[in-house]
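The following note sets out several points for a colleague who is about to examine this model. Please read them alongside the sequence and the coordinates.

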Amino acid sequence: MIKYTKHNLNKLEDIFTELKITVRYEKGNFQSGYCIVFGKNIVIVNKFFDVEARINTLLEILDQGTFDTNELSTENMEWYQKIRKGMLKTV
């Protein structure tokens, strides 16, 4: 599993950016902590979450979705594959 640091959160946000998915932090009444706006490529995460909860939320979204990873840079692709392996081990 990855460490819960601001740096790793930024790397996750970069992956979403390269996948052409906007990550926004907003307040709202979403039970699970995030809302995916279908057809708009927007993920809204509860802004009151700490870094650990934000990372876990973004990892959960990556785990659920099917994304075209061909858009990722080499560096982000390597990091994405590492975190995917980490997610598979925890299941």
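Is Lys 20 buried or exposed? Lys 20 counts as exposed, because its relative accessibility is 53% and the threshold for that class is over 50%. The points below take up this residue again after some remarks on the model as a whole.

1. The model is predicted. Its mean pLDDT is 84, and 87% of the residues reach 70 or more. Confidence is highest in helix 1, at a mean of 95, and lowest in strand 2, at 70. Where pLDDT is low, the predicted coordinates should not be read in detail.

2. Overall architecture. The protein contains 3 helices and 3 strands. Along the sequence these elements follow the pattern α-β-β-β-α-α. Of the 91 residues in the protein, 37% are buried. Among contacts with a separation of 6 or more, 52% are made by residues 24 or more positions apart.

3. Nonpolar core. The largest nonpolar core has 19 residues, and the members that touch the most others are Ile 2, Leu 12, Ile 15, Phe 16, Leu 58, Leu 62 and Ile 83. Helix 1, strand 3, helix 2 and helix 3 (74–90) each supply at least two residues of this core. Helix 2 makes the largest contribution, with 5 residues.

4. Lys 20. This residue sits in the loop that runs between helix 1 (6–18) and strand 1 (22–26). Although Lys 20 is not a glycine, its phi is positive, at about 65 degrees.

5. Asn 41. Asn 41 belongs to the loop between strand 2 (34–37) and strand 3 (42–46). With a relative accessibility of 46%, Asn 41 is classed as partly exposed, because that class lies between the limits of 20% and 50%.

6. Thr 22 and its neighbours. Thr 22 is located in strand 1 and is partly exposed, with a relative accessible area of 40%. Leaving aside residues up to four places away in sequence, Thr 22 touches Asn 41, Ile 42 and Val 43. For Thr 22 and Val 43, the C-alpha to C-alpha distance is 6.1 Å, while the two are 21 residues apart in sequence.

7. The largest pocket. Where does Asn 41 lie in relation to the largest pocket? The pocket is lined by 13 residues, and Asn 41 is one of those nearest its centre, along with Ile 21, Ile 36, Phe 38 and Phe 67. The volume of this pocket is about 200 Å³. Strand 2, strand 3 and helix 2 (51–64) each provide at least two lining residues. By class, the lining consists of 8 nonpolar, 4 polar and 1 charged residues.

8. Glu 75. Glu 75 lies in helix 3. Why does Glu 75 count as exposed? The relative accessible area of Glu 75 is 61%, and exposed residues are those over 50%. Glu 75 and Ile 15 are separated by 60 residues in sequence, and their C-alpha atoms are 9.9 Å apart in space. Ile 15 is itself among the core members that touch the most others.

Notes
Residues numbered from 1 in each chain as written. Predicted model: local features only at pLDDT ≥ 70, side-chain atom pairs only at ≥ 80, totals over all residues. Heavy atoms only, no water. Helix = DSSP H or I, 4+ residues; strand = E, 2+ residues; numbered from the N terminus. Buried < 20%, exposed > 50% of the residue type's maximum accessible area, 1.4 Å probe, protein only. 1 Å grid on protein atoms, 1.4 Å probe; cavity = no way out; pocket = protein on both sides within 12 Å on 5 of 7 lines; lining within 4 Å. Points joined across faces, edges and corners; volume = space filled by probe spheres on them. Nonpolar A, V, L, I, M, F, W, Y, C, P; charged D, E, K, R; others polar. pLDDT = per-residue confidence, 0-100. Contact = heavy atoms within 4.5 Å. Core = buried A, V, L, I, M, F, W, Y, C linked by side-chain atoms within 4.5 Å.
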